[in-house]
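Please look over the sequence and the coordinates before reading on.

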Amino acid sequence: MHPRERRTTRRHFLFASGGTIAALSGADALLRAAEALGNPFSGAPMGPGGIPLARRDHPVTLPLYSDNGPIDSGLNLEKGPLNVFNWADYINPAILKDFQKEYGVKVKVTTFENEEEALAKLTSGQADFDVWFPTVEYLSRSVAGKLIQPLNHHYLPHLKNVWPSLQSPFYDQHSRYTVPYTIYTTGIAWRTDKVKKAPSAYKNPYDIFWQAKPYSGKVAILDDQREALAMALLRRHVYDVNTESAKLVDRAEGDLAQLTKLVNVKTNVNDYTDVPAGKTWISQAWSGDMAGAPNYLPKGVKPTVLGYWSPASKAVIGSDMIAILRGAKNPVLAHAFLNYLLDNKKAVENFSWNGYIPPLSAIHPEKLISQGYIPKNLGSTIVRESDFEHGVSILPLTTQGQSLWQDAWSKFKAG
Amino acid sequence: MVRRWFWPSFALPGAAWLVLLFLVPTYAVLAVAFGTTDPIFSNPVPVWNPLDWQFQTMRSVLGEMRPGHTFWIVYVRTFAYVAISLAGCLAIGYPVAYYLARHARRSKALLLLLLIVPFWVSYLMRMLAWVGLLLPDGLVNRALQELGVISQPYGWLDGQASSVILALIYGYVPYLILPLYAVLDRIEPHVLEAGRDLGASPISTFLHVTLPLSKNGILAASVLIALPMFGDYYTNDVISGSPRTSMIGNQINLFFQGGPQRTVGASLVIILSVMLALLMSYYLWVTVRASAQTEDSLL
């Protein structure tokens, strides 16, 4: 029987509640215990590191380890410098300046291009960072590998500003290890001045890619195996975008391969520059990228040439987060930094620079348009709490599942 | 005793460099390809003892090398792109090197300096500049429209194989010209004069004297640019991004960038290295044979 089909047992509850897990040290011990109990995390597939894979219908409480606890309450702030490890161009430099001024410390930012590169650096033991911006896909592994430390919520009063549904998200129940940073949808961007029919005009909006022959060479999908194959699955009304069914994944690959034949599809993550520049007319895109795309329009071109669509229901919703590394030399300061980024005003200031919406209750979509942060025609890039609730999430896979998706992607990319 | 070791010791830094930065990394690639992956972070776990090596990944990668399969398609495309780009580089580079060696007199120093200028800018930056030129409203399209050659902007960046090949030529041609110039410049003028004295036309002199004497230079320069071209992945990424133009470097990058199959990436590196080693063997064989012939003719 597939692990997904197993039913909840009492052992699952005991295991997931943390009491049993806290007594075990090390992922190997956890894995062995899990195996001995016949996978007590029933219903959810087991991920690398022996922690069940988080699913919307199987929330995960990440384990606590006796040798990796949260810091005590009431500690004094360290003197820094605070070392932040973040994606390139993902935080407003003005926010960093304000934080430095307010706390009288220096903040050093080191950037990474992708999560694998970040992990390689973090697991090498040579890195010396306090704060890291992981994704859901690598969260449970980072916990199992004891890369990050549990949070002490006494230092995070602004966590209450976060949407209720993300204060204890399904991938990290009780926000044990992370706080949310940004939220975004994956959808379709297009040039309204070049493309005759908007995605919403199609019976199945995803068909815009497969019917884009007149725009051959001007069509792109994200160079991200999970996002691209997930779009092909959604087009076929397969909403389990974390499926490990070889049949479904292969069919999705075949559909993408059709795009190569039909429209010579390009793969990249330049949606925010290529669509404004006119290099690409139809592109799979992230909402945050398109919210920031008007900044990349050539002089004299109005933002009305840009369009963005994502489904009202079952859109792919991504949630990036912030964590504190286990080896942080400034853990109290790091907590203060996380709290700072969850401040309503600071979060909006940060959004005004990077285009990615922080999931805070005080941020009203209408205001973002009326205050000029987002052009009216790109109002669809705004993500609401209801979008998160009705969306689908790209989540970690088992090791076999990862290989299955990667092989399909390799086959598609071979052309 | 000291004298015996004096001159050979000059090779020590080079030998140490070779061992540290070539042999050790090559063995590391083998240890990764035939090794395992850590179960949590999917980082490669090299297996250093050849007795413990596992070969199933290599077997499945070789299975994908059969005609029509994933890696076969990419390898064939890569070889085709490199061959065409090499021919393009030679077509452009040889006349330039020939002019520099034989006819550029006072301007030789300036022209050589201009040839070195591209090395001041990184390859990636030059490719990004190339993108700027080829954009729909870039300089190339605007110039062609002004001249009336095209009425609409041409989609140079629409995933065209021709654009990738042109970019490869643009990127690598300076590396070909300099070694070729060095060889052509060393050809003694009196050898050419002897050919002409014996009644050969300029074309005949070129075909029967200059070209054969520069054969080794052509081979050396070709090897110099072909090797990095085979492993190139960013030219395709920056200029095209289409699966139709992906090269083997892109597949290696795909498996090394993430996921639990770094062993596949390492296996692809080994297969490519073996193929290139075979090509290099041909180059070495030709070079050794040529030097043997030269020695024979001097006796």
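Which residues in H2(B) are buried? They are B:Leu30, B:Val32 and B:Ala33, where buried stands for 20 or more other C-beta atoms within 10 Å of the residue's own, exposed for 12 or fewer, and partly exposed for anything in between, with C-beta atoms placed from the backbone.

## Basis of the model

The model is predicted: local features need pLDDT of at least 70 and side-chain atom pairs count only at pLDDT 80 or more, while totals for chains, interfaces and linings use all residues. Residues are numbered from 1 along each chain as its sequence is written, and chains are lettered from A and ligands numbered from 1 in the order in which they are written.

## Chain A

Chain A contains 17 helices and ten strands; helices (H or I, at least four residues) and strands (E, at least two) are DSSP runs numbered from the N terminus. Of its 415 residues, 48% are buried. Mean pLDDT, the predictor's confidence in each residue from 0 to 100, is 87 for chain A, and 89% of its residues reach 70 or more. Over residues 1-41 of chain A pLDDT stays under 50, and the model has 62 contacts beyond four places in sequence for them. A contact requires C-beta atoms, placed from the backbone, within 7 Å.

An automatic or database assignment sets the domain bounds: domain 1 (1-54), domain 2 (82-181 + 319-374) and domain 3 (184-316 + 393-413) of chain A. The C-alpha centres of domain 2 and domain 3 of chain A are 27 Å apart. Eight residues of domain 2 of chain A are in contact with eight residues of domain 3 of chain A. Helix H6 (residues 136-144) of chain A gives the largest share of the domain 2 side, three residues.

## Chain B

Chain B has 14 helices and two strands, and 30% of its 299 residues count as buried. Its C-alpha trace spans about 75 × 75 × 35 Å along the principal axes. Among contacts in chain B with a separation of 6 or more, 65% join residues 24 or more positions apart.

B:Leu144 is part of helix H7 (residues 139-146) of chain B. B:Leu144 counts as partly exposed because 14 other C-beta atoms lie within 10 Å. Beyond its neighbours within four places in sequence, B:Leu144 is in contact with B:Val149, B:Ile150 and B:Tyr154.

## Helix geometry

The expected span of a helix is 1.5 Å times one less than its number of residues.

The 33 residues of H4(B) should span 48 Å, and the end C-alpha atoms are 48 Å apart, in agreement. H4(B) bends by about 30 degrees at B:Gly93, with the proline B:Pro95 following within four residues.

## Interface between the chains

In total, 29 residues of chain B are in contact with 33 residues of chain A. Helices H4 (70-102) and H13 (248-257) of chain B each supply at least two residues of the chain B side. The largest share of that side, four residues, comes from H13(B).

By class, the chain B side has eleven nonpolar, 15 polar and three charged residues. Nonpolar covers Ala, Val, Leu, Ile, Met, Phe, Trp, Tyr, Cys and Pro, charged covers Asp, Glu, Lys and Arg, and the others, Gly among them, are polar.

How values were computed: Contact = placed C-beta atoms within 7 Å. Bend = angle between axes of the 7 residues up to and from the residue.
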